Structure formats: structure tokens, C-alpha cells
Amino acid sequence: MSKLDQVLILDPPSDLKFKGPFTDVVTSNLKLRNPSDRRVCFKVKTTAPRRYCVRPNSGVIDPGATVVISVMLQPFEYDPNEKSKHKFMVQTIFAPPNVSDMDSLWKDAKPDELMDSKLRCVFEMPSENDRVNDVEVARAVPVMNLARAEPTSTTSPAAVAADDAEVKRVQEKCRRLQAEVNKLTEENRQLKDDVNKLRKMPRSDHMTANSTNLVGREHTIAYLPSLLVVLAAIFIGFFSGKFIL
């Protein structure tokens with residue numbers, strides 16, 4: 001008895017094409033359609049099982065149904081001068097009415113009950129036009145994302161006006177703090193000049209007491225500008241963070 005013709009319709013029918021680069025997993029899909037009125041069991045075999053991952057690699061297709069097989073080629077160093085000798089075979093058999101043990105079904109199947117189709121693996125590297133198109137798509141994606149994000153970042157005019165008023169108040173406070181710092185700095189410089197003059201004059205008990213008081217005031221005032229600068233920095237940082245957030 002002659003061998004049965006393949007009952008399933010394969011897409012693609014003869015070649016499984018894999019498009020590089022092959023530095024990562026490359027997937028090619030194979031569609032199996034059952035045009036008959038009977039359930040059909042299938043399994044997929046390959047001459048290079050270590051190079052491919054097939055999901056699903058076996059199963060049952062109901063009448064009129066279609067199954068998509070994902071054939072995943074593992075990464076490898078591509079040599080354009082080396083021709084691919086990898087092949088796949090889709091083997092099928094009509095399912096019995098009450099099939100449960102698939103392993104026994106295939107093991108006990110008679111050769112004249114089996115149907116098969118063979119496919120050749122073809123490796124293709126992307127052309128220059130494909131590379132240019134990929135670059136253009138990669139550049140267009142951020143622009144599209146930006147365009148989508150713009151509507152969510154808009155604010156009402158009232159909110160913008162309130163923020164501007166708050167910024168002006170902060171700026172005014174900063175200017176006042178800066179004026180205080182400048183004033184205290186000037187007083188500090190004046191006190192230093194007075195202390196230097198007292199140090200050059202002849203010492204007496206009265207002068208010593210005065211100079212001591214001035215030196216004490218000098219140290220007290222010297223810390224004030226630094227303290228105000230720190231407070232101003234904290235104040236500005238707090239409001240700046242508020243507006244950025």
C-alpha cells in the first residue's frame with residue numbers, strides 16, 4: 001500500500017526562514033491547518049535538536065483547526081559561506097476515537113498510516129534597506145512616546161499662575177535673606193577693623209576689657225552669616241524641590 005499524502009496544510013510549505021542577526025534567539029512560525037473532518041496527531045522532528053527549541057512539538061489538531069508552531073533558533077556565529085543542512089519533518093497520523101497514550105500511538109503506528117512533510121531551514125541576513133528601516137523605526141518610537149506623553153504633562157492656567165506667585169515670594173524672601181547676610185558681613189568686617197585697631201594701641205585694664213568684649217562680639221557675629229546661609233540654602237532647596245516635584 002502506498003504512503004498517504006500529508007493531510008495537514010503547512011504554512012510555509014517547504015522552507016523555514018530565519019532572519020539574522022543570529023546573536024540572539026530567532027523565531028520562525030510554522031502553521032499547521034487540518035482541513036479534514038478527523039482529528040490529526042502531529043509531532044515535529046529536526047536533524048539538529050540541540051540548535052532549536054520547538055513549542056509545541058507534538059499534539060492533536062481538531063477538524064478545521066490550526067496550530068501555530070514556534071521554532072526558536074538558538075544564537076550562533078553565522079558564516080555566510082556555510083550552507084545550512086538543518087531540516088525539519090512534520091509527521092502526522094489520524095487520531096483513533098479514544099486516544100490517550102500518545103507515545104504508544106506513535107510506537108505502534110504502521111508505516112502506511114504515517115504522513116510526513118519535510119522543510120528546509122534557510123538563514124538570511126538583513127539587507128541594508130532593512131537595517132535603515134530598523135533604525136528609522138527605533139528613532140520614531142521615542143518621538144511617538146513623547147507625543148503621547150505631552151497631553152498628560154499639561155497644567156491649567158490657574159495652577160501655572162499660582163506656581164509663579166509662589167516662586168516670586170520665594171525669590172523675595174531669598175533677596176531679604178541675602179540683604180541680611182550682606183549687612184551682617186559688613187558689621188563683622190567693621191568689628192574686625194576695630195579689634196585690629198585696639199590691638200595696636202597701648203594696653204590698659206579698661207582697653208583690655210573693651211577689646212575682650214569686642215572679640216566676643218566678633219565671634220558671635222562671625223557665626224551668624226554662616227547660619228543664615230545654611231537656613232537660606234535649606235529654604236531654597238525645600239521650595240525648589242516642591243516645584244520640581
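User: How far apart in helix 3 are Asp193 and Arg189, in residues and in helical turns?

Analyst: Asp193 and Arg189 are four residues apart in helix 3, which puts about one helical turn between them. A helix here is a DSSP run of H or I with at least four residues, a strand is a run of E with at least two, and both are numbered from the N terminus. The model is predicted, so local features need pLDDT of at least 70 and side-chain atom pairs count only at pLDDT 80 or more, whereas totals for chains, interfaces and linings use all residues. Residues are numbered from 1 along each chain as its sequence is written, and side-chain values use heavy atoms, with hydrogens and water left out.

User: What makes the contact of Asp193 with Arg189 a salt bridge?

Analyst: The term requires a side-chain nitrogen of Lys or Arg within 4 Å of a carboxyl oxygen of Asp or Glu. For Asp193 and Arg189 the closest N and O atoms are 3.1 Å apart, so the pair meets the definition. Salt bridges that share partners also join Glu186, Arg189 and Asp193 into one network.

User: How do you know that Glu186 belongs with Arg189?

Analyst: The closest N and O atoms of Arg189 and Glu186 are 2.4 Å apart, and the two form a salt bridge. These residues lie three apart in helix 3 (residues 157-200), again separated by about one helical turn.

User: How many salt bridges are found in the whole structure, and what does the one between Asp15 and Arg120 tie together?

Analyst: The search finds four. Among them, the side chains of Asp15 and Arg120 meet at 3.3 Å, N to O. Asp15 lies in strand 2 (residues 15-19) and Arg120 in strand 9 (residues 115-124), so this pair ties together parts that are 105 residues apart in sequence. Asp15, with a relative accessible area of 22%, is partly exposed, and Arg120, at 42%, is partly exposed too.

User: Why are strands 3 and 7 called paired?

Analyst: Two strands pair if DSSP finds at least two bridges between them. Strand 3 (residues 26-33) and strand 7 are joined by eight bridges and run antiparallel, so they qualify. Strand 5 (residues 52-55) is antiparallel to strand 7 as well, with four bridges, so this pair qualifies too. At Ser70 in strand 7, Asn29 stands opposite, and Ser70 is also the bridge partner of Arg55.

User: What makes the side chains of strand 7 alternate?

Analyst: In strand 7 (residues 66-73), Val67, Ile69, Val71 and Leu73 point to one face and are buried.

User: Which elements and what share of buried residues does the protein have?

Analyst: The protein has four helices and nine strands, in the order β-β-β-β-β-β-β-β-α-β-α-α-α along the sequence. Of its 245 residues, 25% count as buried.

Conventions
Buried < 20%, exposed > 50% of the residue type's maximum accessible area, 1.4 Å probe, protein only.
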